[in-house]
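The sequence and structure come before the details.

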Amino acid sequence: MQHSNIFDYKRYRYFKLAVIIILIAFAAYLIFEPAVGHYGGSWLGYSLGTASAALVFLLAWYGVRKRRYRSSGTTQGWLSAHIYLGTALTFLATFHSGLHFGLNIHTVTYGILLVVVVSGFFGNYAYMIYPRLMTENMGEDNLDGLLLRIAESDKMARQIALLMPDDINDTVSRACRETSIGVSLLEQLKGFQPDCPSAMAVQELTMLGNDLPIEHRKLYRDLYSIMVRRESLVRRARQDLMYRARMGFWLYFHVPFAIALLMAMVSHVIAVFFYW
Amino acid sequence: MATSAPKHFNVIIIGAGPSGLSAAVRATEQNVDYLLVEAAPAPASTIRNYQRGKFVMSEPRGLPLRSTLPFTASLRETLLETWEKTITNFNVNVQYDTKVTGLKRGEKLLEVELADGEKLTANHVVLAMGVQGNLRKLEIPGGDLPQIQYQLDDPQAYQNETIVVVGGGDSGVENALALTGRNQIIILNREEDFSNCKDSNLSQLTDARKRGALDWLLETKPQSIEVNTKGEFPITVFANTLNGVERIPCHRVIARLGALPSRPLLESFGVGFSTPDLEALPQLSSHYESSIPGLYIIGALAGYPLIKQGINQGYEVIEYILGNPVEPADSNLLREKFANFCTDRGVEDVLEKIRKSVPLLAMLNTLQLRELVLESNILLPKAGDIIFKRNDYSTTFFFIVEGELDILIDDDDVPDGTLKAGEFFGELALVSGRRRAGTVRASQPCVLIETPRRVMQKLIDSVQSMRRILNEVAIKTIVHLCIGLSLSEKDLNDVANNATLKSYAAGEELFHEGDEADGLYLIQSGSVTVSRMIGGREVVLFYVAAGHYVGEMSLVSGEPRYATVRAAIATEAVLIEAGRMRDIIARNPEIRSELDARYLQHLQDNENRQQLESAFDSNNVASTKSTPSNLISFLIQQGVGEATDVLLIDESLCVRCNHCEQACADTHGGATRLDRDAGPIFANIRVPTSCRHCEHPHCMKDCPPDAIHRAPHGEVYIDDSCIGCGNCQQNCPYDVIQMSVIHDQPEPSIWQMLLGIQPKALPVEDGAKVAVKCDMCKDITGGPVCVRACPVGAALRVKPEELLSYASGHSGDSSLISSDEH
Ligand SMILES: Cc1cc2nc3c(=O)[nH]c(=O)nc-3n(C[C@H](O)[C@H](O)[C@H](O)COP(=O)(O)OP(=O)(O)OC[C@H]3O[C@@H](n4cnc5c(N)ncnc54)[C@H](O)[C@@H]3O)c2cc1C
Ligand code: HEM
Ligand code: SF4
Ligand code: SF4
């Protein structure tokens with residue numbers, strides 16, 4: 001029964017492959033040191049460079065493969081390879097550079113590579129921890145369902161509040177009006193609203209309920225429980241959006257920089273051959 | 001004169017649906033003295049009740065239309081208009097608002113009784129009342145007020161009303177839900193809960209009530225309805241509740257009390273049936289004549305579920321009444337069926353030959369035989385050809401007209417039995433819906449008839465003698481398969497004749513831990529769980545599927561029952577009594593050693609499982625609830641026990657990228673067949689809304705064009721003869737079928753794929769809505785795309801046999817379970 005994650009896929013097949021690649025490259029790096037020191041133009045440098053370029057294309061191809069649903073094999077296998085080979089690539093590219101850095105297209109290319117790799121590692125981390133937290137937060141509900149229930153509670157709370165004294169009515173309608181749930185990406189990433197009107201409303205209601213006339217007591221209790229439930233719904237919805245955002249936003253770096261990397265790499269190769 | 005003699009006609013046709021209309025049109029053409037009576041105020045009430053704008057399809061495609069009543073695939077509205085025009089043009093002698101309530105054979109004539117008490121007489125009566133008409137009505141004072149309706153065509157038509165829905169079944173609940181939002185809804189349910197509803201309806205219902213969108217009263221029956229002369233509400237419902245009578249003023253009442261089965265009505269007319277089954281079809285001659293001379297039954301009521309069939313029968317029945325020989329419309333189709341077989345004879349002769357060679361088929365009347373052959377395939381395998389393989393998932397049934405075949409049950413190439421002309425095979429898959437238990441291979445050139453399960457089921461329901469024989473044979477086969485490979489023919493017959501077939505509802509116990517051993521249970525259909533009390537709670541140890549036995553442990557040891565065995569879903573088991581079993585064991589050392597081996601294996605497995613459970617208990621203090629056995633119980637509650645393949649999502653891995661759904665939609669005409677984030681979760685495992693490929697698919701039950709099939713590897717799929725009637729959607733208890741328009745998806749460019757941009761969707765042309773569901777990507781090499789598209793491996797498919805090993809996290813450790821693979 002196959003049920004492995006991206007790391008132990010097929011008994012660490014790609015992990016082993018990556019380790020072998022790194023070891024070979026490292027051994028070569030130690031053994032064949034050109035007289036002038038390591039640099040990209042030595043025969044070893046060329047080999048490492050060619051291998052790195054091939055890997056970059058392979059890694060970028062993952063984005064295409066992932067959406068070719070009719071192709072054979074599993075996307076999981078590709079991702080497992082992507083992660084381990086991406087890590088191996090970092091070593092290869094580093095050896096290729098011979099640690100010669102400067103203010104030029106070559107170093108820019110290397111820098112972009114690092115951005116892609118670092119964002120990739122963050123992605124891994126996110127994929128590892130957030131799914132479980134999301135499930136704990138949401139259970140069997142889904143976001144649309146929560147938002148619907150919040151909207152319904154808004155309606156009901158306002159309806160009841162109309163029959164109540166003005167201060168209560170104000171509190172409730174402000175809570176309904178001013179609560180915002182993950183409008184901007186930044187807000188989503190944070191996962192809370194400072195001085196959340198919904199939470200404040202519950203607090204205020206606790207105090208406002210003390211000296212109500214008897215005929216309002218039952219309504220008040222109904223209203224209070226709706227507002228409490230509503231607040232926890234709001235909190236869960238924000239939490240869910242936060243997890244989603246954190247699990248996705250790194251791709252806004254990873255993908256554009258991956259494409260930038262492709263372009264920089266092409267320029268780097270052209271530069272090498274023309275100005276050599 | 002006080003009463004005049006009843007009006008007389010040569011032919012009275014009852015019901016102006018497609019079948020009745022066609023008969024009436026033919027009768028007009030032939031100058032027959034006839035009357036067509038229709039209960040509704042307009043013709044074809046079944047078609048009128050389809051939803052607005054439905055595209056009516058004209059299956060079966062190959063069948064020619066022979067009536068003058070026009071019928072081509074078209075919109076409901078167009079169809080009704082055409083028929084109304086035909087009624088006017090032919091001046092059809094129809095009387096609307098005339099309901100027939102009684103019918104009997106008088107001395108010479110048939111007497112028809114109408115709802116208003118009037119009587120009519122006729123020489124011949126054609127019954128074409130369909131099966132939709134008998135909606136149960138509110139039999140209370142005020143139940144006939146105009147504000148009471150029994151159908152909801154267009155929920156959008158009602159705004160700002162207070163509506164009382166009577167009935168807590170699916171149709172009532174669905175109507176109620178469709179009306180929420182714009183109206184105030186109150187459901188009156190006679191039962192104490194809504195447990196008769198589908199889960200999805202139930203959860204929507206509870207949600208809706210939480211939101212305050214509707215309310216319900218349980219154990220409540222309407223008592224009377226009165227008209228209000230003043231105020232906003234036109235009527236008031238008086239309902240008998242647990243707390244006395246409640247007044248509910250409202251605008252409208254929608255009563256969904258279910259339809260009455262047609263059998264009691266037909267029986268009250270005196271029509272004969274050959275089995276006591278409520279589903280049985282009336283006995284008919286090849287001229288559609290029932291057991292009452294002069295009374296003919298056609299169309300849906302006679303068991304022909306499609307419009308075109310009914311129309312053809314309307315034509316034929318009039319010709320038969322006039323004594324004109326007509327070749328049935330299906331003769332051409334039959335001729336095509338027989339294209340490679342006995343080409344030198346006429347269709348009738350070939351049918352006769354089949355009847356003579358296969359005794360089981362001789363039990364059918366001509367109509368039934370024609371229908372069976374039409375729905376079947378004629379196979380002409382050569383010597384050495386394999387008909388089906390062991391572990392295939394096909395559920396068809398085979399009759400042998402000519403030739404001989406071998407059965408191979410185990411792995412050696414030596415036949416374990418032979419089948420001869422006149423016999424039949426495949427009965428076990430017919431009952432169990434599981435994999436084939438053996439391979440069948442032709443040893444000579446053969447002629448076989450391969451019949452779909454649905455057709456066989458219909459015949460078994462209707463033909464008593466056939467049912468008896470098949471039951472006997474099925475018991476014998478299961479005995480043979482489970483314990484009897486080495487049993488002598490005499491012993492086998494002896495055991496089979498004395499075995500008893502027992503049925504259990506889901507959750508019912510076959511036996512209980514500590515009971516005295518009463519015998520060996522062979523699971524014929526369904527599946528069971530084996531559980532023990534460990535540390536004060538019930539722990540599921542095994543899951544046993546059809547084709548295996550339980551209860552051998554106490555038989556071998558002679559001790560009381562070691563575990564409790566419970567039906568996971570509706571299950572049938574064959575019980576071989578303890579005494580007889582011991583007797584056989586004593587005389588058959590091979591069986592003894594096999595049972596012993598099983599016994600030891602089970603003891604070992606038990607030990608392993610108990611270790612595992614306690615390990616989980618002690619390691620995982622916070623989640624004692626997520627031990628493997630609890631996960632299994634949960635999955636079985638979700639209906640996985642009747643599944644053959646189910647999609648699960650591991651929510652602790654799933655990154656909510658929706659690639660699974662996207663992949664499904666992209667490869668299946670734009671409509672995803674799974675809903676990833678709907679469905680219950682337990683211990684991080686979600687059972688999403690997606691087809692489970694049930695062993696006996698409920699969806700197949702009532703598909704008029706028989707468009708739902710099962711492929712050899714178990715995939716349940718819908719072919720393109722679907723007419724979009726929505727029956728399967730209603731029948732699937734897991735709510736995984738949707739009605740949708742299929743259209744091709746644009747191919748994204750490489751850049752779009754790299755950046756994850758969706759290409760602009762092609763404009764959707766108006767197409768007919770058809771039923772769509774998961775086909776397990778049977779046409780895509782590489783298997784289900786949902787699983788393969790998941791980047792993190794969170795989506796997985798399991799077969800119930802693998803459940804236990806999956807749940808206990810042991811990859812490939814199949815010794816813990818009774819799997820029927822190997
Ligand atoms: C939702 C749905 C969609 C379908 N789609 C298709 C499709 O696309 N293509 C297709 O081929 N088939 C389709 N079918 C099946 C098709 O509707 C039936 O096969 C067909 O209507 C049967 O015709 P009939 O004349 O036998 O009975 P009906 O059409 O049911 O007609 C019976 C008539 O008898 C009347 N009647 C009943 N009782 C009495 C009584 N006691 N006295 C007097 N009159 C009475 C009724 O009012 C009715 O008008 C569909 C069925 C459903 C439910
Ligand atoms: C030069 C190196 C790399 C390139 C060109 C590259 C490119 C890509 C591309 C094109 C995608 C597809 C994004 C999408 O369309 O959804 C992707 C996804 C991803 N990459 Fe990389 N990547 C590189 C290195 C890495 C590394 C080193 C890691 C991790 C250690 C990594 C981890 C990931 C992850 C986790 C995903 C998301 C998978 C998914 O959700 O489908 N990448 N990468
Ligand atoms: S559609 Fe529903 S009833 Fe049919 S096989 Fe799938 S889950 Fe079972
Ligand atoms: S493809 Fe996998 S990770 Fe993405 S939503 Fe589906 S199950 Fe979850």
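How many residues of chain B are in contact with chain A? In this predicted model, 41 residues of chain B contact 36 residues of chain A, contact meaning heavy atoms within 4.5 Å.

## Basis

Residues are numbered from 1 along each chain as its sequence is written, and chains are lettered from A and ligands numbered from 1 in the order in which they are written. The model is predicted, local features need pLDDT of at least 70, side-chain atom pairs count only at pLDDT 80 or more, and totals for chains, interfaces and linings use all residues, while side-chain values use heavy atoms, with hydrogens and water left out.

## Interface of chains A and B

Chains B and A bury about 3,600 Å² between them, 61% of it on carbon and sulfur atoms; buried area is the accessible area (1.4 Å probe) that two parts lose on being put together, summed over both. On the chain B side, Arg211(B), Met753(B) and Arg788(B) lose the most area to chain A, together 18% of what that side buries.

The residues of chain B that touch chain A comprise 20 nonpolar, ten polar and eleven charged (Ala, Val, Leu, Ile, Met, Phe, Trp, Tyr, Cys and Pro count as nonpolar, Asp, Glu, Lys and Arg as charged, the others, Gly among them, as polar).

## Iron site

His82(A) and His254(A) coordinate the iron atom of ligand 2 through NE2, at 1.9 to 2.0 Å (donors are N, O and S atoms within 2.8 Å of the metal, or 3.2 Å for Na, K and Ca).
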